[in-house]
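Me: I've got a model open and want a quick tour before I set anything up. Can you walk me through it?

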Amino acid sequence: MSTTTSLDRRRFLAVSAGAALGASALSACAATVDDGSSSGGGGSSKTTLTVMSQDNELDKKTIQAAEQALGIKIRLISSDDTKLNAMLAAKNPPDLVRGLGAVETPYFAARGLMENLDPYFAKSSVLKPSDLDPVNDVWRYDGHRQGAGPRYGMAKDYSQDQMFWYRTDLFDAAKLDHPSATEPLSYDEWLDLGKQLVKRRLGKVKVYGLNATGLGNFSQLMGMTASAGGSVFAEDLATVDFSSPEALKALRWLLEYTKADIGPNVVNPNPDGWDWPTYQANRMAIACDGYWFGGAIGGDPKAAKVSRFAPAPQLGSSRISPCFSATGYWIPTGAKNKDAAWKFFEWYFGGQPAKDRASSGWGIPTLKSLRPQMPQGTAFQKQAFEVQQQELDYFKVLTFTPYVQLAALDATLNQVLPQMVKSGASAGKVADKLNSQMNDQIAKGKQVLG
């Protein structure tokens, strides 16, 4: 497997934690942006499709294959929130935009910036709604909630991101039983394992017992709160409430995890930047990363031999296993080449590229018909496949607010938590501060949206 997909996954945090679109940005003047989106390409009669994506994902080989298959030219613009914002404001957007459906759909759809793709799906013989994996529902928005209404995009692949991988050699060395492949641990049990697996030398962590926040703090809190039977967001999505019993329970757990210093956290982040180098070097016993992480593990026979996959831990009795990204593409309403963009959709999501991704082990395919192509050739792959198949029943769409972007909420957490942890503040005081700051952000976003 090439490293291009690996880099894509590694950059999940970089993308989701990038500069958020400013509250007034979509009404700003940006007529001077040089987006290079004119069609024709130097006199050529071929349509030029402008795609905002990552060059490690939409690399030269993929672009050449798409151009040959579709008879078009592709101009790549590197993913950049600020530039996208300016292009949207100038009403001169790319024809296709790479995005995170799970957390971005409400924000862009509520502003009328995403094309309703239902008419395209209705006519397609390649991408049939009946064949779409339920994860694609995070790309739906009915004006109030995700999971219903028009489809505004599609995921290229996905994972249930609170599932985790663990190293059997480190469990065996600590004389601990391996986690069940079918029954989820409680979060308290999970934290206890992390405390028993951590190794320190001269007061410093040498082997992480557990990384619970590799894909961000806010998403983790959303999932934990939902498994406790609650929601971080209010019913109208216009406020957060970390003081509710369910959210406060999740926040207390995150604070205890951070104070225990058994894994990367907002006070002491992982110097490696992401989990794979640390896990591969036998310095992380448990990594909270979804099925996609198996793509990296499967490329290292030594790591694969001692790695196993396990269900998402649960904070309460409402067993769920969400997706935090569902990375894919959407077509802006102002795109100049929507039909050509849809042809790319069909080729990329339903053609050979989709088949290649399905068999790579770097994510769950988003067409149900491609699930049998997920790798099962080795004992490692077979175990991961079986655990993942059982977990599919517990997928649930978690609705994100349309008023502010994930990056802004994660930035608040990253600013508030370290100082509150160091001061020894109670969970209640942390909740109050988060509520105050985040609700101010959301209120400003709601005012702009109108």
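Me: What should I know about the numbering and the cut-offs first?
Reply: Residues are numbered from 1 along each chain as its sequence is written, and side-chain values use heavy atoms, with hydrogens and water left out. The model is predicted, so local features need pLDDT of at least 70, side-chain atom pairs count only at pLDDT 80 or more, and totals for chains, interfaces and linings use all residues.

Me: What's the mean pLDDT of the protein?
Reply: The mean is 91, and 90% of the residues reach 70 or more. pLDDT is the predictor's confidence in each residue, from 0 to 100.

Me: Where does pLDDT stay under 50?
Reply: Over residues 1-43. The model has 88 contacts beyond four places in sequence for that stretch. Contact means heavy atoms within 4.5 Å.

Me: OK, helices. Which residues of α3 are buried?
Reply: In α3 (residues 60-70), they are Thr62, Ile63, Ala66 and Glu67. Buried means under 20% relative accessible area, exposed over 50%, partly exposed in between (1.4 Å probe, protein chains only). Helices (H or I, at least four residues) and strands (E, at least two) are DSSP runs, numbered from the N terminus.

Me: Why are those on the same side of α3?
Reply: They cover an arc of only 135° around the axis, so they share a side. The arc is that of the directions from the helix axis to the C-beta atoms. On the other side of α3, Lys60, Lys61, Gln64 and Gln68 are exposed.

Me: What covers the buried residues?
Reply: The cover of α3 includes β2 (73-78) and α14 (338-350). Just after α3, Gly71 has a positive phi of about 65°.

Me: How do β1 and β2 pair?
Reply: β1 (residues 48-53) and β2 run parallel, over six bridges. Two strands pair if DSSP finds at least two bridges between them. Thr48 has Lys73 of β2 as its bridge partner. The chain goes from β1 through α3 to β2, a right-handed β-α-β crossover. Right-handed means that, with the strands pointing away from the viewer, the path from the first strand over the helix to the second runs clockwise.

Me: Switching to α9. How many of its residues are buried?
Reply: Eleven of eleven, for residues 217-227. They pack against α8 (187-197), α10 (245-260), α17 (406-423) and α18 (427-449). Gly229 follows α9, with a positive phi near 95°.

Me: And aromatics: how many pairs in the whole structure?
Reply: A search finds 33. Rings of Phe, Tyr and Trp (its six-membered ring) pair if their centres lie within 6.5 Å; planes under 30 degrees apart count as stacked, over 60 as edge-to-face and the rest as tilted. Trp165 and Phe309 are stacked, because their ring centres are 4.1 Å apart and their planes are at 20°. Trp165 lies in β8 (residues 164-167) and Phe309 in β12 (residues 307-310), so the pair ties together parts 144 residues apart in sequence.

Me: Are Trp165 and Phe309 buried or exposed?
Reply: Both are buried.

Me: What sheet are β8 and β12 in?
Reply: An open sheet of three strands, in the order β11-β8-β12, with antiparallel pairing. β11 (286-287) and β12 each have a single partner strand, so one side of each has no neighbour in the sheet. β8 and β12 pair over four bridges, and Arg167 has Ser307 of β12 as its bridge partner.
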